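Please look over the sequence and the 3D view before reading on.

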Amino acid sequence: MKPILSTLLFALGPFLLFGSDPYPLNPAIDVQHYAFRLQLSAETNNIAGKSVIEVLLKEDIKTFALDLQNEDARGGMKITQLDIDGKTTTYAHNNNRVIVNVEASKGETLRMTIQYEGIPQDGLIIDTNLFGEKTFFGDNWPDRAHHWLPVVDHPSDKATCEFIVEAPIYYTVVANGRLKEETVLSYDTKITHWIESVPISTKVMVFGAATFAVDHVGSVGDIPVSSWVYHQNRNAGFYRYAQAMEILATLQDIIGPYPFEKLANVQSKTKFGGMENAGNIFYNEKTVSGDRDIEGLIAHEIAHQWFGNSATEKDWHHVWLSEGFATYFTQVYRETTYGKDSLRAGMKQMLPKINEYRAKYPTSPIVDTTIADIKTLLSPNVYQKAAWVLHMLRKQIGDEAFFQGVRTYYDTYKFSNALTSDFQAVMEQASGQQLGWFFDQWIFQPLLPELSLSWKYNKKLRKLSVEVKSPGLSKPVRLPLEVGIKGADGTISAIKTIDVSGESTTAEWEVPQMPAGIVVDPNTWLLANIKVSNK
């Protein structure tokens with residue numbers, strides 16, 4: 001996901017001093033498949049739903065729960081029928097939870113059918129688009145699917161899914177997976193059926209319905225790539241979204257095989273700049289114009305197909321495994337396409353947002369379990385700072401170990417879930433290094449070093465002395481700071497490394513001639529604010 005128009009539009013509430021992931025997980029159940037049948041209306045915002053849900057039992061149960069928004073004066077969903085394996089069962093629908101009464105044994109698979117109707121308060125955006133035409137777009141992140149679908153609305157319970165959408169005949173419908181059926185039912189109604197055969201989280205299970213123009217751009221290997229834009233934006237949208245072909249091919253070479261059946265790039269009403277729905281990316285409708293200035297946005301959302309959609313965070317507070325990876329691999333794509341200077345420039349551009357967030361929330365680490373409202377988890381910590389952590393990890397263990405480790409991590413946790421500790425273990429195996437200090441320092445501590453470097457040159461001894469101070473580093477840390485030494489012609493003639501730790505660190509090197517100057521972190525590898533002075 002990318003914040004709308006590259007601006008972070010999140011409400012950063014107070015960091016409550018309790019709670020980690022607040023969702024009441026039930027380890028006794030594992031949803032295997034959702035089949036969502038939905039009827040849409042051109043006249044009202046009311047939807048009628050019939051969902052068939054297959055649930056595998058891991059333990060004996062007497063009850064279990066799904067998430068579905070209650071009906072109230074503003075809207076919500078009213079259940080009209082619920083049965084399990086064809087038999088009517090009792091249930092309670094309170095506090096946006098459906099508590100189902102059923103006695104069943106470990107190893108059984110229950111088939112539940114829920115019929116319901118109502119007006120979604122959120123999650124499914126029913127609104128007019130920028131051309132005044134009514135559209136329907138799922139927008140589920142982080143836990144908004146339950147406003148219109150009966151689900152386990154948590155990223156750890158992944159399932160396959162299908163959408164069977166009955167809509168007015170002039171709508172074109174796109175959803176996750178592959179197209180199974182498109183049939184005219186009557187002079188004014190059409191049914192469209194999409195099936196996703198790869199297990200995904202509810203946050204990225206969506207459909208969109210609009211009067212689309214559709215461009216089948218081509219294929220990357222056996223993966224079809226398409227563009228879905230409002231028919232009024234046909235030319236500009238087709239031109240802009242066609243970049244996805246090259247981006248997909250490049251990232252697939254870097255990370256591994258693309259995990260889904262297709263890649264559709266869709267103009268939509270998402271609240272975000274882009275939303276990485278699995279194989280079915282939704283971009284904010286205002287991002288379409290005649291130029292190609294959203295290459296970074298497209299790359300970010302495509303990178304999510306591996307990180308966040310396929311290898312998914314197991315706990316909301318580890319969302320950096322999604323957003324940090326997508327942010328960094330956008331820069332890796334740029335590096336591969338345009339060279340290392342583009343990577344360095346991209347990393348530097350992230351620094352102002354990191355510093356701004358640090359100034360407001362100086363005690364907040366990347367994995368901050370004091371945040372109880374999961375809607376406030378998105379911040380420069382999990383986007384830009386987390387991308388910098390991956391960049392520094394790459395420097396710490398080297399390119400070969402880093403990219404091999406990332407590919408192994410993805411291959412291990414594709415179609416599944418992971419925590420930060422899982423990623424750390426894979427990277428330790430790939431590098432042969434113990435990295436607990438690194439992850440503790442950068443992921444679980446709110447570190448953002450403020451360093452001052454002073455240097456002097458002794459002509460007689462031909463030695464360069466450097467002192468690095470940081471009053472805030474009373475706790476031992478490990479900061480490998482590269483120092484570039486400028487020759488008389490102004491170019492960097494040598495690069496030295498000083499291992500900064502604690503409040504003061506000194507180093508001395510033999511340098512044949514008086515330096516023309518000092519450049520700290522010349523290759524942009526260390527996340528720190530550094531001031532330089534000559535004694």
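The text below takes the salt bridges in turn and then moves to a hairpin.

This is a predicted model. Searching the whole structure gives 21 salt bridges.

**A link between two loops**

Start with Lys269 and Glu285. They form a salt bridge, and their closest N and O atoms are 3.2 Å apart. Where do the two residues lie? Lys269 sits in the loop between strand E18 (263-268) and strand E19 (274-275). Glu285 sits in the loop between strand E20 (280-284) and helix H3 (295-303). The pair therefore ties together parts that are 16 residues apart in sequence.

Glu356 is partly exposed, with a relative accessible area of 47%. Lys360 counts as exposed, at 54%. Exposed means over 50%, which is why Lys360 carries that label.

**A buried arginine and its partner**

Next come Arg394 and Asp399. Their side chains form a salt bridge at 2.8 Å, N to O. Arg394 is buried, with 2% relative accessible area. Asp399 is partly exposed, at 35%.

| Salt bridge | N to O distance |
|---|---|
| Lys269 and Glu285 | 3.2 Å |
| Arg394 and Asp399 | 2.8 Å |

**A network**

Salt bridges can also join up. Which residues are linked in a network? They are Asp122, Asp139, Arg144 and Lys271.

**A hairpin**

Now turn to the strands. Strand E6 (residues 91-94) pairs with strand E7 (residues 97-104). The sense is antiparallel, and the pairing runs over 4 bridges. Ala92 in this pairing stands opposite Ile99 in E7. E6 and E7 make a hairpin, with 2 residues between them. Asn95 lies in the turn and has a positive phi of about 55 degrees. As a general point, side chains in a regular strand alternate between the two faces of the sheet.

Terms used. Residues numbered from 1 in each chain as written. Predicted model: local features only at pLDDT ≥ 70, side-chain atom pairs only at ≥ 80, totals over all residues. Heavy atoms only, no water. Salt bridge = Lys/Arg side-chain N within 4 Å of Asp/Glu carboxyl O. Buried < 20%, exposed > 50% of the residue type's maximum accessible area, 1.4 Å probe, protein only. Pairing = 2+ DSSP bridges.
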